[in-house]
Amino acid sequence: MARRRTPLHQRAARSRDGASVTAARDAAWKKVLGLAGLGVRGRLAVVGVERVREAAAKGTLKLAIVARDASRNSLNKVVPLLEAKRVRIVDGIGAVPLGAAVGRDATAVIGIVDAQLAKGIRGIVDSARGV
């Protein structure tokens, strides 16, 4: 008995379900990491728990990108302060890719201090999440 082939348009529709969503998220994170790297080079962003805490305490922090696999200790140091200061937290990327974007091995958090850069990153994240 010959096996029936699925029509091409049905195969494409099936592959779009999960694969295109994942590809879109990966593309969005690539853009976010690229912007964060440019921000660090242009002194529009700060890297590391201590620098982010200092910027949040001063009131200059606009957005924080937190690694999903950051240590509990690092999260306990920075997240309560960010929430108290009402700084938006974006998470979902690992510490190694986050660090690689800014020229380090790994980092737990990157803080964006420029309003326009933060607005651009927020727009990318919101569009990727479908908000």
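Start with a stretch to treat carefully: over residues 6-16 pLDDT stays under 50, and the model has 5 contacts for them beyond four places in sequence. Where pLDDT is low, the predicted coordinates should not be read in detail.

**The overall layout**
- The protein has 5 helices and 4 strands.
- Walk along from the N terminus and the elements go α-β-α-β-α-β-α-β-α.
- Take the contacts between residues at least 6 apart in sequence: 80% of them join residues at least 24 apart.

**A look at helix H2**
- Helix H2 covers residues 49-58, and its residues Val49, Val52, Ala55 and Ala56 are buried.
- Look down the axis of H2 and these buried residues fall within an arc of 130°, so they line one face of the helix.
- The general rule behind this kind of pattern is that an α-helix has 3.6 residues a turn, so residues three or four places apart point the same way.
- What do the buried residues of H2 pack against? Their partners are strand S1 (45-47), helix H3 (72-84) and strand S4 (109-112).
- Just after H2 comes glycine 59, which takes a positive phi of about 90°.

Conventions: Residues are numbered from 1 along each chain as its sequence is written. This is a predicted model: local features need pLDDT of at least 70, side-chain atom pairs count only at pLDDT 80 or more; totals for chains, interfaces and linings use all residues. Side-chain values use heavy atoms; hydrogens and water are left out. Buried means under 20% relative accessible area, exposed over 50%, partly exposed in between (1.4 Å probe, protein chains only). Helices (H or I, at least four residues) and strands (E, at least two) are DSSP runs, numbered from the N terminus. The arc is that of the directions from the helix axis to the C-beta atoms. Contact means heavy atoms within 4.5 Å. pLDDT is the predictor's confidence in each residue, from 0 to 100.
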